[in-house]
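Notebook open. I want to look up cavities and nonpolar cores.

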Amino acid sequence: MAQEQLTPFGHALAGALGGVFSNAAVYPLDTVKTRIQATEEKGKDRGAQAPSVFQLLRKILHDEGLRGYYKGFGASMLNTFSMQYAYFFFYSFVRGSYLKRLSKKHPNQKLPSISAAMELVIGAIAGALAQVFTIPVAVIATRQQLAEDPASNDAEKALGKTNVPKRDNSFFGVAREIIDEDGVTGLWTGLRPGLVLTVNPAITYGVFERLKTSLVPQGKGMSPWMAFTIGALSKTLATVATYPYIMAKVRLQARSNKDTETQLSDSEKASLTDTEAKPAVPHKPRYNGAIDVLRKVRQEKGIVGWYQGMSAQITKAVLSQALLFMLKDQFERYALFIMILWRRLSS
């Protein structure tokens with residue numbers, strides 16, 4: 001089969017290209033789900049429901065135009081390509097190494113199928129390695145998606161506020177801001193929940209492989225729609241199981257400028273005029289980690305707060321992952337063709 005002839009590099013390239021295409025197709029949903037997950041109700045708004053997917057889609061279109069749907073698109077696609085490439089590379093490499101070990105232990109015998117537990121372990125190892133190398137781009141993409149529209153700054157200036165800072169929301173501008181606020185390690189914000197979330201693709205691919213083994217006769221390929229359906233079921237299960245940590249990771253990676261302002265007392269804020277320079281306030285993040293996020297959200301909104309934006313996450317993730325599974329075989333054929341052509345040209 002074409003899949004068996006591909007090297008880990010070929011599998012990684014196919015997975016990365018498929019990941020970029022599938023995520024680009026649903027990117028507006030990605031922007032919406034990120035904003036819903038990062039929404040924090042304050043004061044009188046506490047307890048209010050977060051906007052629905054369609055409400056936020058309409059609001060973004062009205063306030064920011066079509067470009068609002070694609071904030072951070074470049075960084076997100078770079079993150080998707082690098083994350084998918086790294087994941088598929090490590091997944092194929094680790095899985096292939098494990099199968100080779102099994103074949104040495106059972107020479108001249110039919111290899112036993114990999115257990116669900118081992119599929120999870122392999123997926124988790126691959127996901128952890130991929131996270132370490134790619135999370136800085138993910139942090140930048142999240143900040144860009146949550147960036148305020150430049151028009152909001154203009155509106156504040158029109159009201160007489162002359163000290164409104166102008167943010168550089170370009171890729172390198174956001175990276176500089178993160179480093180200025182939190183140091184270089186700020187680019188790895190959310191790494192620990194990210195490592196915990198390696199179980200998400202592990203569950204996805206583990207369930208996918210088990211369902212494929214159960215539903216597809218050995219030696220036969222899957223139809224695109226069968227791959228789509230199995231992929232959707234696999235990703236839904238993984239998303240529901242890990243969603244609270246997904247939400248916590250987004251909260252950690254979001255800008256903390258609003259929280260920094262709250263370090264001043266009300267009397268200190270009242271004593272400052274719009275034209276006076278505000279004193280430098282030490283940066284103090286609102287949250288001390290994913291567990292702290294979950295604890296504070298539970299205090300404010302109850303357990304239901306942990307699942308704020310889950311419908312948007314599932315819709316985006318399921319469509320993207322199902323498209324990836326549906327297209328991965330096609331991209332593997334293209335990758336195999338490219339590799340064979342390259343060998344012939346190089347010989």
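My entries on the cavity and the cores follow.

I am working on a predicted model: local features need pLDDT of at least 70, side-chain atom pairs count only at pLDDT 80 or more, and totals for chains, interfaces and linings use all residues. Numbering runs from 1 along each chain as its sequence is written, and side-chain values use heavy atoms, with hydrogens and water left out.

**Cavity.** I took a cavity as a set of points, on a 1 Å grid over the protein atoms alone, where a 1.4 Å probe fits but cannot get out; lining residues have an atom within 4 Å of a point. Points are joined across faces, edges and corners, and volume is the space filled by probe spheres set on them. I found one cavity of 30 Å³ or more.

I counted 37 lining residues, with Lys33, Asn79, Met83, Lys249 and Lys316 nearest the centre. Helices here are DSSP runs (H or I, at least four residues), numbered from the N terminus. Two or more lining residues come from each of α2 (8-25), α3 (27-38), α5 (73-105), α6 (116-145), α10 (199-215), α11 (224-253) and α15 (310-346). The largest share, seven residues, is from α6.

**Cores.** I defined a nonpolar core as buried Ala, Val, Leu, Ile, Met, Phe, Trp, Tyr and Cys residues joined through side-chain atoms within 4.5 Å; buried means under 20% relative accessible area (1.4 Å probe, protein chains only). The largest core has 19 residues, and Tyr87, Tyr91, Tyr205 and Met222 have the most contacts inside it. α5 gives the most to this core, seven residues. I also noted a second, separate core of eleven residues, including Tyr243 and Tyr287.

Notes: 1 Å grid on protein atoms, 1.4 Å probe; cavity = no way out; pocket = protein on both sides within 12 Å on 5 of 7 lines; lining within 4 Å. Buried < 20%, exposed > 50% of the residue type's maximum accessible area, 1.4 Å probe, protein only.
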